[in-house]
Amino acid sequence: MPKLRPAQRLGPLLVLLGLAACSPFGLLRPNQRLLSRVEIKGVEQADKERLTALAQQKPNTRIPPKLGIYQLGFRFYDSVRIKNQLRTIATTYAAKMQAAGTDSAQLGKLLAQRERKIKRKQLVLDKGNAIMRLGEPPVIYDSALTSRSVEQMTTYLRSQGFFRARVSATDTARFQRSILFRALNAVGSVFPGKSDSLDAAKQYRRVTVTYNITENQPFLYRLQAPSIPDSGVAAVVRQGQSATLLHENDRYNEDLIGQERTRLETLLKNAGYFDFRQQYITLEADTSYEKFTVRLRTFIANPGPDQGHRLYTLRQVRFITDAGVGRTLRSATGDTLRRAGTPGALRARPSLGVRMDTVVTDSIRFAAYQQKFSTGLLANKVRVRPEQHYSLANTLQTQRLLADLDMFRFNTVNYRKLPDPPTADSTSRTPSTGELVAVINASPAPKFSQTVEVGATYVAYLPGPFLNYRLKIRNPFGGAEVLEFGVRAGFEGQLTRVASISDTTGNTTDNVYTTQLGATAALVLPQFLVPFRTNYFLTRYNPKTRFSLSETYVKRPEYIRSNFEFAWDYIWQRSPFHQYVFSPVVITLVNTPYTSPAFEARLKALQLTEGSSLYRSFSKQVEPSFSFTSLYNSNDFNETRNAYYLRLFAEVGGLTRGLYQKALFESTSLNVYDFARVSVDYRRYYRLTPQTYFVWRLNGGAVHALNRTNDPTTPENDPQYIVPYDKSFFAGGSTSLRAWQPRRLGPGGYTPLRPSNGQLVRDYLTEQPGELLLEGSAEYRFPIYGFFKGALFTDFGNVWGLQERKDPNTGDYLRPGAQFQINNFYRQIAVGSGFGLRFDFTFLILRLDIATKIYDPTAPTTADKWALRNFDTSANPVSFNLGIGYPF
């Protein structure tokens, strides 16, 4: 400050005065105090997060500063004016309604308008204006709520085995001086002399509540032998004892005791005890024998005196494959005949004459007005059978397998008890076995369903319309198959793939529009298509066979390219979270019927000067391969769980190319390459609070040519290790390192250059393929307001070459720094960071990420590698990424 001119000192002082004026104490009434902080101390073994959630009051959110937002809106809030507006609305509409007289339609409109306006004003009066509702009102400290928090924390600790725990709370009042006072006090004693006379009143305006917890020694289990008078139930419990959740010398935990009761109920229901309920189970705790010990005994009571639990078996399984159709027919016909009004017509209701056709397959009776589905296939999906004991697990699995077929709008499995025979003794301690009839009702989904999407994209600063149309046909051949067709057409902006040769004359390289046409077709069979019978044994894994065809056509000013792919996949699930895909046949056909001369010259220059494989993306080639994928994902669509994600992928291609490679090229000009490709993607989701998450991801992969290839574009005496361009790895983009343009990062520390105005300048346009990918991300996600969510993220990684070409004369790499080196790669890790906005509509998540480069290993000089110094320049522009869904 002393070095500033008087006019320059005024600015910082005004800023400090403005900040000091934003004190939240102005929102408080007399004798009110602001809750500033909540602390929990002394927790060693209990769950601190659960205890924190039990606090009845929590301070205002600091990030974002919602109290400051509320205070800003409060400056424009006038309750007197709003009340006057409410009175004006009531008076105005009273006059309008009186003028409307007996016109009911006009009165209805006026009433709706009045209620709508009153409701809007009342919302402002009760909860504040729009700015105030974006923030949070000040949390006024309430000692009664603190006392209630102490009671609930004590109760929770006792439920966790801390029977002698003590919880106390202290509210430490303190006064936080204004920013202006602290700033002036930092440079010396500005106001010496007697103390502020208002300190005594101010010191209680801000409160910190501290909950002091003394856990003391927890109580441990001493498990006693269960007391179960029913011998059949006792035998089932003994057999399932290895899965118990309660173990000797574990800490007492009422949550686990509740889960153990649920486990026992499920265990007995799976053993055939259809009528069994959790109310029969009691776990009795006794603390009177030893210090810090709980004797725990399991009691399972009988339904009544001298009466045991009944075991149920299935006599019959009925499957109605068009449930609801008969009811609809009867309702429609009945209504018509009732309108006729003749007793004879009512007696001759045709609906009563419609009989269901019944087919017995694998002991299951399939009833339908018209048998449209393969009963053999449906029988494989049904896990309940006659003569089996009732099983809750089999019931739920049957519902899940039928739902996975995507053939029915809903399906239910209901059970009907059959009456006991006359000789049954209902008072016996061991009653006779009961019998059930299982009735599976399935309502068919529409045979045809279609989806039409019309929209626009904004890529490379260019808007472009698109149209998507998808048609799904269910059960086209009677075997519960799903046949899908899709077409896509659109114009989309795109960054120039490579700088054209015209750049050497000084012309600028503009973004261009691309015409994209695509078509897909897929047939999904609800079983494995194999020559031997395995589907019944594999049914619980939900096996499927998928055949898919896809064609993509791209037209740009510099080339026309098409990509055709055929895939044969076997899909099965080990659990609801874990899926496997084995693709024994994958064939990709790439064809480029047209490339402009300038574009072709540029591709050739990249090949000769850098050894780039980009030119192979525009050659004619066929890529036969087979692959295997393992995907584990325990999260949900909105990623709201504490979850894991792991995707393992392996692919091998061109193993048998030696049998046909030469003949194929001579007759069709198609190249064939062999390669092996692996990738690993691991993600971890931490749920910090109900609405905040910390997520990190590590992603890596490698691709390697298995043998050298005499590529037609390279000398015959210099065969190269060639990887198909589409199998390469890339870094950068909205789901990778977001500070870089898609596919433009790397490789390694190599600086790509391109000609411009007769000089070589840094190339930000050409895609940079690599054979090794290492990348990761860390992201903190938090709520802002309503469906607005925010994120802070950091991305890091790069791609490298594993088989980089060398200059035959010098022996140096054509792309210096692009080859992966174990002793140097960590210096070539790029880092970017930024902020993101998410619009979470539950069914759809829209994402905007704003990122900038922190460290750029491909910069031409050492000084430029720390790219943050060049923030918002041509070397480090701010990157905007739009997308649907989370990046990972």
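This is a predicted model: local features need pLDDT of at least 70, side-chain atom pairs count only at pLDDT 80 or more; totals for chains, interfaces and linings use all residues.

Student: OK, charge. Which residues gather in a patch of positive charge on the surface?

Tutor: Lys96, Arg116, Lys117 and Arg120 do.

Student: Which helix gives the largest share of that positive patch?

Tutor: Helix H5, residues 104-127, contributes three residues, the largest share. Arg120 has its place in helix H5.

Student: Switching to pockets. What volume does the second largest pocket have?

Tutor: About 1,100 Å³. Its lining is made up of 33 residues.

Student: And which of those lie nearest its centre?

Tutor: Thr52, Lys58, Thr61, Thr689 and Thr692. The elements that give two or more residues to the lining of this pocket are strand E1 (34-41), helix H2 (48-53), strand E22 (675-689) and strand E28 (772-785).

Student: What lines the largest cavity?

Tutor: There are 17 lining residues, and nearest the centre lie Gly611, Ser613, Arg616, Glu771 and Arg815.

Student: Now the backbone. Is the peptide bond from Gly746 to Pro747 cis or trans?

Tutor: That bond is cis, and its omega is near -5°. Pro747 sits in the loop between strand E25 (720-721) and strand E26 (753-756).

Student: And Glu387, is its phi positive or negative?

Tutor: Positive, about 75°, although Glu387 is not a glycine. Most residues other than glycine have a negative phi, and most peptide bonds are trans.

Student: Where does Glu387 lie?

Tutor: In the loop between helix H14 (375-381) and helix H15 (392-404).

Methods:
Residues are numbered from 1 along each chain as its sequence is written. Side-chain values use heavy atoms; hydrogens and water are left out. Patches are made of residues with over 30% relative accessible area and no salt bridge: like charges are joined within 9 Å, nonpolar side chains (Val, Leu, Ile, Met, Phe, Trp, Tyr) within 5 Å. Accessible areas come from the Shrake-Rupley method with a 1.4 Å probe; for residues, only the protein chains shown count as cover. A salt bridge is a side-chain nitrogen of Lys or Arg within 4 Å of a carboxyl oxygen of Asp or Glu. Lys and Arg count as positive and Asp and Glu as negative; His and the chain ends are not counted. The place of a charge is taken as NZ of Lys, CZ of Arg, CG of Asp or CD of Glu. Helices (H or I, at least four residues) and strands (E, at least two) are DSSP runs, numbered from the N terminus. On a 1 Å grid over the protein atoms alone, a cavity is a set of points where a 1.4 Å probe fits but cannot get out, and a pocket is an open set with protein on both sides within 12 Å along at least five of seven lines; lining residues have an atom within 4 Å of a point. Grid points are joined across faces, edges and corners, and a volume is the space filled by probe spheres set on the points.
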